[in-house]
Amino acid sequence: MTTRAGVVLVLLSLTAAAAGCAKRQPPVAQPVPPAGPPVAATPAPQPPPPTTEALAVPPEPVAIAEDGISARSIEDLNRDSPFKPAYFPLDSAELDDAGRAVVTANAAIMRKYPAWMVTVEGHCDERGTTEYNLALGERRAVAVKTYLMSLGIPGDRVRIVSYGKEFPFDLGHDERAWASNRRAHFVITSK
Amino acid sequence: MNICNSQLPKSQLPRRHVWTPVVLALVLGVGSWALGVGNWQLGVVRGQQPAPQQPSEIAVVISGDPGTPPRYAVPDFVAASPEAADAAKTITQVLFDDLAFEREFYLIPRDTYTTIPAARTPDQVPFAAWRELGADAVVFGAVSRTGNDVRVEVRLFNIRTQQSVFSKEYTGTAANPRLYAHTIADEIHQQQRALRGVARTKLAFSSDRNRERMVGTAENRDVKEVYMADYDGANPRRITTNRQLNIFPVWSPDARAIAYTSYRRGYPDLFIALIYEGLQQEPTKGGTQNWLPMYSPDGTRIVFNSNRDGNPELYVMNRDGSGLRRITNHPAIDTTPTWSPTGTQIAFTSDRAGTPQIYIIGADGLNLRRLTTSESYADRSTWSPAPFNEIAFAARTGPGYDIKIYDLATGTTRQVTFGEGSNESPAYAPNGRHLAFTSTRAGRVQIFTIGRDGRGVKQVTRDGSNFTPSWSN
């Protein structure tokens with residue numbers, strides 16, 4: 001695996017040398033990549049008027065070119081992640097059909113980028129108690145990791161951590177917010 | 001400087017009373033301000049007295065009219081000089097609040113006796129005016145200040161007998177005048193009601209009040225740090241500074257250490273802050289995920305939650321991390337442990353029956369039994385100290401939670417909060433008469449205290465959001 005990672009790194013450094021993504025580089029150092037790399041990222045065109053159009057552009061992340069995605073920094077990737085979160089029913093750590101489909105898709109991405117390490121964060125909605133939710137989030141993360149491993153992803157590529165209800169994604173207090181907060185969230189921790 | 005004049009001829013003093021000022025330096029450094037005062041026992045004072053003619057316990061206690069609590073007044077402490085005025089004002093107000101907190105006395109509202117002249121010496125006490133007001137007991141005090149030093153003299157008078165039943169003098173730094181009031185209140189409760197007051201106890205909790213954001217994550221995430229404060233929320237002090245999640249702080253029984261769960265390694269693990277030594281211990285030493293520590297009542301062991309064997313289970317270890325033993329063994333969630341006062345049993349939460357419910361298990365992992373049967377969701381059990389034999393917990397009562405108390409002797413459950421916001425994370429005061437808990441009743445999550453009978457709600461925190469209180473001994 002280290003050799004594969006090495007190959008990818010070499011390729012990376014060839015294609016995106018300017019970005020200077022050395023292996024252990026802290027995410028802080030983010031020199032703006034001059035010109036080349038951001039293939040898919042749209043550099044602001046000259047005419048200022050089409051700002052509304054720029055907002056309408058977002059179809060592009062769906063069809064990101066492979067080079068584009070692997071050239072992006074971990075921070076960028078996590079901000080606009082290729083991984084989708086798996087959602088859970090209330091008070092449950094069982095992956096339902098939709099959740100398994102999401103994890104299957106995420107496993108495909110992990111297979112495509114074999115150097116990526118991910119952390120699966122277990123999150124809960126605010127309706128459970130602070131204390132219990134930490135264990136529930138842990139179980140959600142474990143459920144996802146177990147399913148990833150059943151799909152052939154090596155366990156050492158997946159770390160888990162529970163945040164209980166400490167970090168809600170939607171600060172609302174309704175069904176939609178709660179559903180959005182009951183999730184296993186994928187974070188790329190190294191690549 | 002002599003306010004309560006200690007040079008008074010003995011004949012003018014109440015016969016039984018011995019006016020021996022006990023001078024004790026209060027050292028208010030970080031190292032000892034919570035504990036340096038622990039050695040004052042009234043026995044020390046009594047030990048210096050000549051043998052009283054009457055048994056002192058009977059004569060000293062001030063009672064009210066039959067069937068009613070004694071009526072106490074706390075007139076403004078006299079400031080000997082303008083620079084002592086602030087301290088005198090603070091001490092008076094805090095003492096009033098402290099004496100009211102235990103609800104052993106009826107505190108006469110302070111604005112009803114502003115016209116009664118202040119007594120600068122014991123023989124100036126206008127007993128007639130106080131009797132007319134209906135006071136059974138009046139606490140007089142005087143504060144003088146020299147530079148950074150303060151001297152507080154206090155006397156408790158029985159208005160009926162016109163006797164001083166309690167008199168002390170305290171000297172120390174002027175840095176924390178509230179501590180004088182807390183000490184006086186604890187000693188009056190001890191002497192008058194044989195009650196261990198909580199005025200000098202502390203709360204530990206986690207808070208986002210510093211409004212810092214976590215570094216190095218894609219999302220905007222608030223950090224939480226561990227704080228401590230006086231039982232009334234005053235004097236908040238920050239304990240952790242690592243800009244991560246620092247949650248679930250709990251006091252060691254000697255109140256010198258706070259164990260907590262921190263994500264500083266990127267995952268939850270246990271840490272112990274020795275707050276007066278400025279040291280940190282790591283009993284679980286990383287590598288596994290551990291959270292929700294709780295000290296045994298004798299302080300030698302810690303029960304905690306861990307997924308080291310793949311599932312949230314309970315473990316017990318010695319305080320230093322040695323002697324690890326697994327307590328629960330079930331594929332369901334087992335979490336949120338609390339010790340019985342004797343350290344022989346552990347109450348915890350498990351969803352092994354489908355929903356989170358409270359169970360009790362021996363500290364050896366044997367003799368499991370289920371406690372809650374009529375709740376849809378119960379968590380954060382917390383076992384009362386003796387003499388009470390009950391377990392408080394948070395129970396789902398609708399969209400949110402309320403604090404309920406299970407009486408182990410009768411097997412009955414009573415409710416303490418009633419749907420004002422969501423109420424979670426109960427923690428007993430060391431004398432078992434109060435609970436700290438969190439509530440959303442005032443907007444954001446804040447810490448409140450309440451009597452175990454459900455009366456006397458007080459908001460303790462107001463800054464930021466505040467979570468999971470622990471009450472020190």
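Helix α5(B) is largely enclosed by the rest of the structure, because 14 of its 17 residues are buried (under 20% relative accessible area with a 1.4 Å probe, protein chains only). The model is a predicted one, with local features needing pLDDT of at least 70 and side-chain atom pairs pLDDT 80 or more, while totals for chains, interfaces and linings use all residues. Residues count from 1 along each chain as its sequence is written, chains are lettered from A in the order in which they are written, and side-chain values use heavy atoms, without hydrogens or water.

Back to α5(B): the helix takes in residues 177-193 of chain B and reaches 24 Å from first C-alpha to last, close to the 24 Å expected at 1.5 Å a residue.

As for the two chains, 28 residues of chain A are in contact with 38 of chain B (heavy atoms within 4.5 Å). The area buried between them is about 2,600 Å², with 54% from carbon and sulfur atoms; this is the accessible area (1.4 Å probe) lost on putting the two parts together, summed over both. On the chain A side, A:E131, A:Y132 and A:F167 lose the most area to chain B, together 27% of what that side buries.

Then there is the lining of the second largest pocket, with 11 nonpolar, 17 polar and 14 charged residues (Ala, Val, Leu, Ile, Met, Phe, Trp, Tyr, Cys and Pro are nonpolar, Asp, Glu, Lys and Arg charged, the others, Gly among them, polar).

Notes
Helix = DSSP H or I, 4+ residues; strand = E, 2+ residues; numbered from the N terminus. Expected span 1.5 Å × (residues − 1). Buried < 20%, exposed > 50% of the residue type's maximum accessible area, 1.4 Å probe, protein only.
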